[in-house]
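Reader: I have a model to go through. Please tie each label to its cut-off.

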Amino acid sequence: MPSDKTPRLNRRNLLKSSLAAAASAALSPAARAAQSETAIKNVNTNSSPSTLKITDMRYAVIEKPGPSPCVIIRIDTNQGVSGLGEVRDIAGPQYAMVLKSRLLGENPLRIDYLFQKIQQFGGNARQAGGVCAVEMALWDIAGKVYNIPVYQMLGGKWRDSIRIYADTTESLDPAEYGRRAKERKAMGLTWMKMDLGINVLDGMPGTVMQPSGLSGWEQRVQPNLFIATEVTDKGIDRLCEYVAAVRENIGYDMPLSMDHLGHIGVKSVIRLGKAYEKFNLEWIEDVIPWYYTDLLKEITQESPTPTLTGEDIYRIEDFEKLCSEHAVDKIHPDLATSGGILQTHRIGDMAFKYGVPMAMHFAGTPVSCMASVHCAAATRNFLALENHSLDVPWWQDLATGLDKPIINKGYINVPDTAGLGVALNDDELKKHVRRGTEYFAPTPEWNQAQSWDDALFS
Ligand SMILES: [Mg+2]
């Protein structure tokens, strides 16, 4: 039985609709267009997606406290819609601009196609900064064209606000460490991180075994395994004083993670992992380079403190190797290295399959931050997103269009506006542009390809 609300198909209704069609046919073309526009009023007409074309790409180099500079890019189109992206912190604009000639004239809505077209020009750590910045900007454009937030295009939200974690500045005094952590907790944070490396043991005899005369290159760039640096029992006892001070100040009820342990050997990492067990750390981070999978697995199996890595990994295949072998307990991609919004969402789903949670690294401006927020909102196994700017009051002034304060009691609200939901505050950004550079100046020097290196096989 049809309900009362079901339209009835009978001769009278058929006659009515026939008359309406005849009347419509008699209308002028303009009147007919107006009528059909009313009929499709729920379809966004901000642009004509099939004829959208990329016409320009420009950048601004922003200096801020912490990892810096940060390069914001803007991709323009032939229909007045622009998208924002951000190169991974510290990397230069050239990582993005070398892609411009490969993007001009393309339809920006072909996100996956364009990502795969430029993917080969990205690599680990900051080398992926340009590819990921472009990918963010394409999603921003797509959201604006269809009038939809980015998280919705990824499948929708698992959460309405994103948990932030942050560390504090370091000190040689354990009590000061504890005091700063307490201040962070008072800001409403629900997750803490502390940087604690063997550098706090400098000048303290009997704490670190290391051959004298190591060059700066050896200490910074040579992988931990090749510089014969180990921490002694005395050193471990001293490091534990710092962790104890932090725990005394924030209690044991909130997660506490640890980064920058220093370049020490595998066995030292394991011994520290055991010493820290009583402090219930959420993870120890990037303890050796991520690509030594077997050694990371050895640490993960031997250390009762969980391990984490990922902020320098570009390819999902490399994350999958770590997850499938359970070489780490948790992963930590930086979306500006791990292929952008869609790839990082896929990395999260992949890790979920293996029972591996995903925190997210981030150290840039609100542009990259909001790209991370949308991804985190739409990814089930997300834990918490890093932020390095809690002590920089003007960090949140760089952007408009977002709920302020952007970080409110340890969380960021997921915006419901189109695209990334972030607009630039030009006046504030111009105060922090790197000296000697111009704010979104024309970039015609990047319009032409300067090398013919797209083909990866012959
Ligand atoms: Mg880190």
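Author: What follows looks at one valine and the helix pair around it.
This is a predicted model, where local features need pLDDT of at least 70, side-chain atom pairs count only at pLDDT 80 or more, and totals for chains, interfaces and linings use all residues. Residues are numbered from 1 along each chain as its sequence is written.

Reader: Why is valine 246 called buried?
Author: Buried takes 20 or more other C-beta atoms within 10 Å of the residue's own; 12 or fewer is exposed, in between is partly exposed, and C-beta atoms are placed from the backbone. Valine 246 has 25, so it is buried. Buried residues make up 44% of the 458 residues in the protein chain.

Reader: Where does valine 246 sit, and what does it touch?
Author: Valine 246 lies in helix α10, residues 233–250. A helix here is a DSSP run of H or I with at least four residues, numbered from the N terminus. Contact needs C-beta atoms, placed from the backbone, within 7 Å. Leaving out residues up to four places away in sequence, valine 246 touches Tyr177, Gly178, Ala181, Met194 and Leu256.

Definitions and conventions
Helix = DSSP H or I, 4+ residues; strand = E, 2+ residues; numbered from the N terminus. Contact = placed C-beta atoms within 7 Å.
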